[in-house]
Amino acid sequence: MAFPQTPVDLLAEMQIGGTWTDITSDLYARSPLTIERGRPDEAARVDPARASFLLNNRGNKYSPRNPRSANYGLIGRNTPVRFSVPGTESYLALDGNPANTIATPDHASLAITDLDVRAELTMDWYSTTLNQTVAGQWGADGNRGWSWRIRNGYSILNWTTAGTTASALFFEAQLPQLPRRAALRMTLDVNNGSSGFTGALYWADTLAGPWNLVFTAAVGGTTSIFNSTATLEIGPDQADVTPPRRPLTGRVHRAELLASIGGASIASPDFRAKTPGTSSFADAAGRTWTLTGTAAITNREYRLHAEVSSWPSRWDVSGQDVYVPVEASGVLRRLGAGTKALASTLRRRIPSYSPVAYWPMEEGRDAAQAYSPVAGVQPLSVVGFDFASDDTCPGSSSLPKIDSAASMTGTVPTYTSTGSWIVSFQYLLGSYPGSSARILEITTTGTCQRITLTLTPSVVELRGYNSAGTEILNEDAATTGVAGSEWRRLDLSAVDAGSGTVHFHAGWTTPIAGGYAMDDTITATPGIVTGIATAFGAALADMRIGHLAVLPSDATDVYANADSGYAGETASTRMLRLAREESVPVHLDQPTYMGAQVGAQRPSPLLTLLAETADADGGVLYEDRSDLALRHRWRGSLYNRAVALTLDYSAAGEVAPPLEPVDDDQHVRNDRTVTRTNGSSSRAVLASGALSVQAPPAGVGIYDDSRDLNLYSDSQPEGMAWWLLHVGTWDEARYPSVHIDLAAAPHLIPAVLALDIGDRIQIINPPSWLPPGPIDLTVEGYTETIGHPNSWDVVLNCSPAGPWTVAVLDSTSLGRLDTSGSTLASGISSSATSLSVATTTGALWSTVSGHRPFNIVIGGEVMTVTNLTGASSPQTVTVTRSVNGVVKSHSSGAPVRLAQAAILAL
């Protein structure tokens, strides 16, 4: 017997001492579990998820500060908790640990020639850090056959011809945008009949297909797949590569290996109908699969992963009822608690390359020296430095400008020579010097013990002097690229070129315009850099400078992209990079190449940086419920979504009361200005229509706002302003909440469990006192209450989904531009099917038969156009009436519009 006749099979777990422990029996039945996720009523940003519940604490189990507690020292602040209920389908849960996987022994049938392998998975397809294996026979070196893995948005097939790493080959293909659960298929035709081999990648919604070809390529020369005797494994491990290849983290729903491309199935583990807890089974092909470690076949659907933020001990007056009202929050709470700004991108990146000396020069205004974050490096002594004078370097906090008597002196600790070195720094020099000026002077232990770079009005001079002061390095170059309105990087390097020679290089690089360089090779040894001793000269007064670094090798990519604050990277790339740097898991619903380009990353708290990135993209950043992680859903994934849940108002119990539309001006914005951070602005105004800036009754008056978004270029604010105007003037009643009582409608449980933030729902057959349906909504968040024993309520926070239905090229329903002005030339009855339509402004309606059918709307009644004739206005339109259930007559002059006009996506 199922819910609600039997209680909800709620599982509450707490990570006690690092182990997930069942605490369900300690939940107090008198207090329901309440979970809140997402944002309420179209709030600007998502709130931290929250769970509240009551724990029985009579045995002191949940008193983290009480040494009498059995869990003393094992629980405390931010102890993870998670809650789950049974789903309708089982799956194999893998956590990426090579000890926790599933395999079947080698079998004669697994000796394949061509490869056709398939898997239906739920996983992080686009992780830049995880190197996740899906399946393969990949033993120790010498016994390696094939292995299939997912990394950084690519599907990669590895195989060997002789079982050895030395004989390994690979084929890779970039993944398309995939739903969280999808099926992939990789094939390898080892001899394509044209003296080569062919690899291919396909995807489908499920393993049943149909398969969509993503990428295929033929490579010259035939190949073969070594017949490994290793086990066939879901998630084979290979630790001897960087990064290590580990089993996938996520869910395996089913997988299949075929004897040939499109041939018979020779291994087909299907976990969907397996009893939770099954540890071994035989698949339909006869292969016996055995789980190892903590890999599990389960049907649990997680409703929340959170961290306990409060453990208050409470008791009644008798002291017999001791309990803890627990508050737990999603990871956004902890990330938002800190207000410390992350350091600049240069300050974060350069130390990771192990410089032997580094002085950021990001000191405060009253500083008299520049400290070094590198241990053992003394501060840089400076004269004539006006610190914190310029904050325009995209990858830096404020930097100093120098005066006419400026100089800098620094000692570089002794280090082991690698045969090369590089000295680099950022600078801004608005114009070329009117006279000679020294821009850099260093000392080394090499043959050139003193090296200088001097700017003159016409050339750049690179000079090197030996221990006797004799000039032995002499190279001049034009001053092209040395000065200008952009920040630049100066690189001075030396590389052992062999045969007793050294290649010296001086280069100037701008993030946008490219680089300029001068080079010379002389007989010398490079030595190591020992110091910086530069007296700049009066001609360089007002130059800005910062991030002076000495590196023990010619690592020219140290500053790359960080000097521009990573401006121009996509929102997804920004989030994953920050997540990797700060060890905060972020999952994507899109490949990293999708999404808006964002501007420079300036010093701000982590959560601020993540939120401003999501805002610039127009998507949503929220908490994953299956992990203590964040998830980003980009703007494009919200367009034209399939309906994830359909509720029938006329069906008993599917929509619990109250369903209350709100028709107000809370979110009306008809005058919007978008400004690129430190850049240009664009304004979009709705000039006419019911929600226009015109005074009532022609419009509603002015509702204006302004947003500052961290966009990459000045071309972006215009599109964003018009898109935000479109969303802010969507003329439809709001339904802030939709109540679902799962005890009254338990058949909805599977769809509700799958529903997440950003998904689309519809309510069909609304009551007659509401506008005709369907009511089309976006889920912004929800409150879920699971009581004991037989109550389970979900209240969805919703916003209109209509604004996200956008134009699709060549679509008869979504690809038509609306009329500029059409009306009924004469009135019609409630049953007339032939209309006379006059076009008052713009082009006539198309009479091409291939452009039909399509829907129009007159006075709230939707009609389907089945025929249209006439080369001049008025035209004759044949329609099917009352498509949306509205039956009424219409007067002459009534506006005629498309029911679904094409809306251009941002």
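Me: Is Arg 463, with a relative accessible area of 10%, buried or exposed?
Reply: Buried means under 20% relative accessible area, exposed means over 50%, and partly exposed lies in between (1.4 Å probe, protein chains only). Arg 463 has a relative accessible area of 10%, so this residue is buried.

Me: What kind of model is this, and how are residues numbered?
Reply: This is a predicted model, where local features need pLDDT of at least 70, side-chain atom pairs count only at pLDDT 80 or more, and totals for chains, interfaces and linings use all residues. Side-chain values use heavy atoms, with hydrogens and water left out, and residues are numbered from 1 along each chain as its sequence is written.

Me: Which residue forms a salt bridge with Arg 463?
Reply: A salt bridge is a side-chain nitrogen of Lys or Arg within 4 Å of a carboxyl oxygen of Asp or Glu. Here the closest N and O atoms are 3.7 Å apart. The partner of Arg 463 is Glu 471.

Me: Which residues do salt bridges with shared partners join into one network?
Reply: The structure holds 49 salt bridges. Some share partners, and the network they form joins Arg 37, Arg 180, Asp 589, Asp 624, Arg 625, Arg 631 and Asp 756.

Me: How many residues apart in sequence are the parts tied together by Asp 116 and Arg 185?
Reply: The two side chains meet in a salt bridge at 2.8 Å, N to O. Helices (H or I, at least four residues) and strands (E, at least two) are DSSP runs, numbered from the N terminus. Asp 116 lies in strand E7 (residues 115–123) and Arg 185 in strand E12 (residues 181–189), so the pair ties together parts whose separation in sequence is 69 residues.

Me: Are Asp 116 and Arg 185 buried or exposed?
Reply: Their side chains meet in a salt bridge. Asp 116 and Arg 185 are both buried.

Me: What is the relative accessible area of Arg 272?
Reply: Arg 272 pairs with Asp 270 in a salt bridge, with the closest N and O atoms 2.7 Å apart. Asp 270 is partly exposed at 25% relative accessibility. Arg 272 is partly exposed too, and its relative accessible area is 28%.

Me: How many disulfides does the count come to?
Reply: A disulfide is a pair of cysteine sulfur atoms within 2.5 Å. By this rule, the number of disulfides is zero.
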